[in-house]
Amino acid sequence: MTDTGSWRECRVALPAHHNWLVLDLYGEDPEPWARALAGQHLGDEVPEPWREAFAADLLWYRGAAARQGALCAAVLAPQDGPVVAGYTVRELDVPRESLTVAAFRAELERAQGPYFGDGPVLTETELPLGPALRVHRQEPTDPAADSGTVVEGVAHYVLPRRHPTALEARLLWTSLGLGAELVEVADELAGSLRLA
């Protein structure tokens, strides 16, 4: 993906069989970038209001990733279609003594929902980058509302062997019918994550 411009580079191999758009997190003027990318993605035949709406979506995902301090980010948007998922990798500010999978598990087990189903499913896994805690969950976007959008996601909390830090690699989506496929994509992305 893109160079963080700081202490290291984050790389993720985006699956070729999907249509990923890499978000420019470091450009000083994101609006022309978003309009150009929307035009490339949707094509000239699509009405201008649709291209503007897609550009606004790109800016929203870019802004959310930038606010989180993401090292790299991308969105998944089928050819000529809207964004269906967002992926971010960010560094976590974790005290050195808490840089263990057990500490992540304990913190996530204490977290309050509301969650759907039986709550988050926590699985310890080994990635090429290092040990990780994999979290799969569904939750409402607005916990105070009686109804609304449900967001599903898979996050990998990774402890890179060669760097004294922790990363969160997270794929989120709201199209629950795509869940089974996107869970596999999240695992594929996490397995490709590298720091240089």
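## A buried pair: Glu-168 and Arg-170

Both Glu-168 and Arg-170 are buried, a word that here means under 20% relative accessible area, with exposed meaning over 50% and partly exposed in between (1.4 Å probe, protein chains only). Their side chains meet in a salt bridge at 3.9 Å from N to O, where a salt bridge is a side-chain nitrogen of Lys or Arg within 4 Å of a carboxyl oxygen of Asp or Glu.

This is a predicted model, in which local features need pLDDT of at least 70 and side-chain atom pairs count only at pLDDT 80 or more, while totals for chains, interfaces and linings use all residues. Residues are numbered from 1 along each chain as its sequence is written, and side-chain values use heavy atoms, with hydrogens and water left out.

Arg-90 lies in strand E4 (residues 85-92) and Glu-168 in strand E8 (residues 166-173), so the pair ties together parts that are 78 residues apart in sequence; helices (H or I, at least four residues) and strands (E, at least two) are DSSP runs, numbered from the N terminus.

Arg-90 counts as partly exposed, at 23% relative accessibility, and a network of salt bridges links Arg-90, Glu-168 and Arg-170.

## A strand-to-helix link

Among the seven salt bridges counted by this rule is the one between Arg-134 and Asp-187, with the closest N and O atoms 2.7 Å apart. This pair links distant parts of the chain, since Arg-134 is in strand E6 (residues 130-140) and Asp-187 is in helix H4 (residues 179-192), 53 residues apart. Arg-134 counts as buried at 14% relative accessibility, whereas Asp-187 is partly exposed, with a relative accessible area of 30%.
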